[in-house]
Amino acid sequence: MQTDAKAARPTNLRSQSLGSAVLARLINEVRNENLGIARSYDRTHNRHNR
Amino acid sequence: MTVIDTVLLKVASRCNLDCTYCYVFNMGDRGWERQPKRLGTAVADAIVEQLADLRGRQGRGFSIVLHGGEPLLLGRERLEALFAALTAAVPDCGLHLQTNGTLLSHAILDLCADYGVGISISLDGPETVNDRFRVDHQSVGSFARVMAAVEGLRAHRAAERLFAGLLAVVDPRSDPDEVYAFFKRTGTPSVDFLYRDGNHDVLPFGKTSFASTEYGQWMCRLADLYLSDPSPPRIRVIDDIIKLLLGGAARKEGVGVSDYGIVVIETDGTIAKNDTLKSTTDAGDAFANRWSLMRDRLVDVVQTVEFTDYHASQRPISATCRVCDKLAVCGGGMPTHRFSAARGLDNPTVFCADQKMLIERLRAWLAPHAELAA
């Protein structure tokens with residue numbers, strides 16, 4: 001399923017014209033994603049929800 | 001071998017609050033009554049030694065989350081001893097504290113700062129929203145005490161490292177505009193929103209049927225506010241769904257279909273399943289083998305058929321989910337929300353309609369901006 005999602009990735013999202021700070025940030029995070037590196041945000045927000 | 005990314009340590013089995021919706025105390029599970037009130041020295045020693053072994057065997061670290069009950073009921077001295085031992089034994093594993101905040105003194109903040117412990121505080125919203133459910137054993141609201149803790153945390157010299165965020169449970173009858181504005185005012189770096197626990201036999205609070213969308217409507221409004229805000233805090237559940245829609249990965253359990261491994265250690269050293277399963281039936285989170293760190297090796301347990309089967313059960317199995325075009329993003333939701341007595345976890349999440357609505361709303365936000373590469 002992850003592969004399907006990757007295949008469907010929009011590759012030309014223009015973050016500067018998005019008009020949403022959240023979308024611009026998330027697009028950059030996805031572009032620079034490295035699952036091998038746990039950033040402080042991810043480490044602190046562990047997988048558990050509670 | 002199942003790779004563990006999150007270890008939940010139940011360092012105190014009781015809580016000084018009595019939130020009416022709590023899945024640990026008020027949804028039918030009585031396991032807490034059989035637990036010691038606080039983590040003892042022998043169990044703590046076993047935890048530290050076995051986590052070091054697990055870290056070494058799997059070749060990668062994990063998050064260690066102190067949880068309860070209310071973890072700060074462990075007391076400062078025992079907390080410090082545990083932090084020191086874990087830091088020495090598994091130095092690359094992040095330490096975290098999920099607390100109701102009412103016992104978060106300056107001394108505890110200093111201690112967490114010394115050991116790099118991230119703190120997340122449970123808070124549902126402004127006073128009228130929070131105190132409807134988050135009350136103490138005298139039915140007195142917790143809002144004022146929690147806000148004092150949030151202020152203390154924000155004012156601490158190490159606040160930027162310490163303050164992980166706030167954790168809120170959605171009341172679908174509340175006003176999402178009011179709740180979002182409130183959380184912005186707190187100055188929190190992030191908020192995570194959870195759905196109320198429930199399942200197909202006991203519908204979550206505020207939900208009138210499987211097909212109803214009270215939570216979906218609330219979350220869509222929250223998403224609109226969030227995505228329109230030029231300087232928002234992070235909202236993890238929305239971030240995760242958008243990242244998946246963009247082809248990235250999610251970090252939160254119950255969102256997306258990437259693998260995740262959670263193990264829970266009860267206060268007496270018992271190894272348990274995801275504790276949210278307590279909301280399904282009494283001992284819904286118990287393994288048949290009733291393993292304990294005082295008798296069994298964690299590295300062996302995570303390789304057993306029963307543990308592997310439990311781990312696999314995090315993935316949805318219902319026919320509805322398997323053919324759903326939103327599965328890669330939705331992930332089937334939390335296992336506990338799929339439960340029915342008749343079919344076990346072989347159901348879509350009870351929030352299926354809500355999740356579909358939210359995913360469609362977020363897709364709509366992305367649609368005008370997504371172009372295929374030339």
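Student: In β9(B), which residue is the bridge partner of B:Ile265, and what makes β8(B) and β9(B) a pair?
Tutor: The bridge partner of B:Ile265 is B:Ile271. In this predicted model, two bridges join β8(B) to β9(B), which run antiparallel, and since pairing requires at least two bridges, the two strands count as paired. Five residues lie between the strands of this hairpin, and there B:Gly269 takes a positive phi near 95°.

Student: What does β8(B) pair with in the parallel sense, and how do its side chains point?
Tutor: Strand β1 (residues 6-10) of chain B pairs with β8(B) in the parallel sense over four bridges, with B:Thr6 standing opposite B:Ile262. As a general point, side chains in a regular strand alternate between the two faces of the sheet. In strand β8 (residues 262-265) of chain B, B:Ile262 and B:Val264 point one way while B:Val263 and B:Ile265 point the other way, and all are buried.

Student: Why are β7 and β9 of chain B said to stand at the edges?
Tutor: The open sheet has nine strands with mixed pairing, in the order β7-β6-β5-β4-β3-β2-β1-β8-β9 (chain B). β7 (234-235) and β9 (271-272) each have a single partner strand, so one side of each is left without a neighbour in the sheet, and they stand at the edges. For β7(B), strand β6 (residues 190-194) of chain B runs parallel to it and is joined to it by two bridges, with B:Val191 opposite B:Ile235.

Student: Why is B:Tyr226 called buried, and where is its place?
Tutor: B:Tyr226 is in helix α8 (residues 214-228) of chain B. Its relative accessibility is 0%, and because buried means under 20%, B:Tyr226 counts as buried. Leaving aside neighbours within four places in sequence, B:Tyr226 is in contact with residues of both chains, including A:Val22, A:Arg25, B:Tyr180 and B:Asp239.

Student: What makes α7(B) oblique to α8(B)?
Tutor: In general, two packed helices are described by the angle between their axes and the distance between the axes. Helix α7 (residues 176-186) of chain B packs on α8(B) at an angle of about 45°, with the axes 9 Å apart. Angles under 35 degrees would count as roughly parallel and those from 65 to 115 as roughly perpendicular, and an angle of about 45° therefore makes α7(B) oblique to α8(B). The crossing is right-handed. The contact is made by B:Pro176, B:Asp177, B:Val179 and B:Tyr180 of α7(B) and by B:Trp218, B:Arg221, B:Leu222, B:Leu225 and B:Tyr226 of α8(B), and these residues divide into seven nonpolar, no polar and two charged.

Student: How do you know that α2(A) is oblique to α9(B)?
Tutor: Helix α2 (residues 21-31) of chain A and helix α9 (residues 236-245) of chain B pack at about 60°, with their axes 10 Å apart. Since the roughly perpendicular range begins at 65 degrees, an angle of about 60° makes α2(A) oblique to α9(B). This crossing is right-handed. Among the residues that make the contact are A:Val22 and A:Arg25 of α2(A) and B:Asp239 of α9(B), and the residues of the contact divide into five nonpolar, no polar and four charged.

Student: What makes α9(B) mostly covered?
Tutor: The count for α9(B) is 10 buried residues of 10, and charged residues including B:Arg236, B:Asp239 and B:Lys243 are among them. After α9(B) comes B:Gly247, whose phi is positive, near 95°.

How values were computed: Residues are numbered from 1 along each chain as its sequence is written. Chains are lettered from A and ligands numbered from 1 in the order in which they are written. This is a predicted model: local features need pLDDT of at least 70, side-chain atom pairs count only at pLDDT 80 or more; totals for chains, interfaces and linings use all residues. Side-chain values use heavy atoms; hydrogens and water are left out. Buried means under 20% relative accessible area, exposed over 50%, partly exposed in between (1.4 Å probe, protein chains only). Contact means heavy atoms within 4.5 Å. Axes are lines fitted to C-alpha atoms, for helices over the stretch in contact, and angles run from 0 to 180 degrees between N-to-C directions. Angles under 35 degrees count as roughly parallel, over 145 as roughly antiparallel, 65 to 115 as roughly perpendicular and the rest as oblique. A crossing is left-handed if the near helix is turned anticlockwise from the far one by less than a right angle, and right-handed if clockwise.
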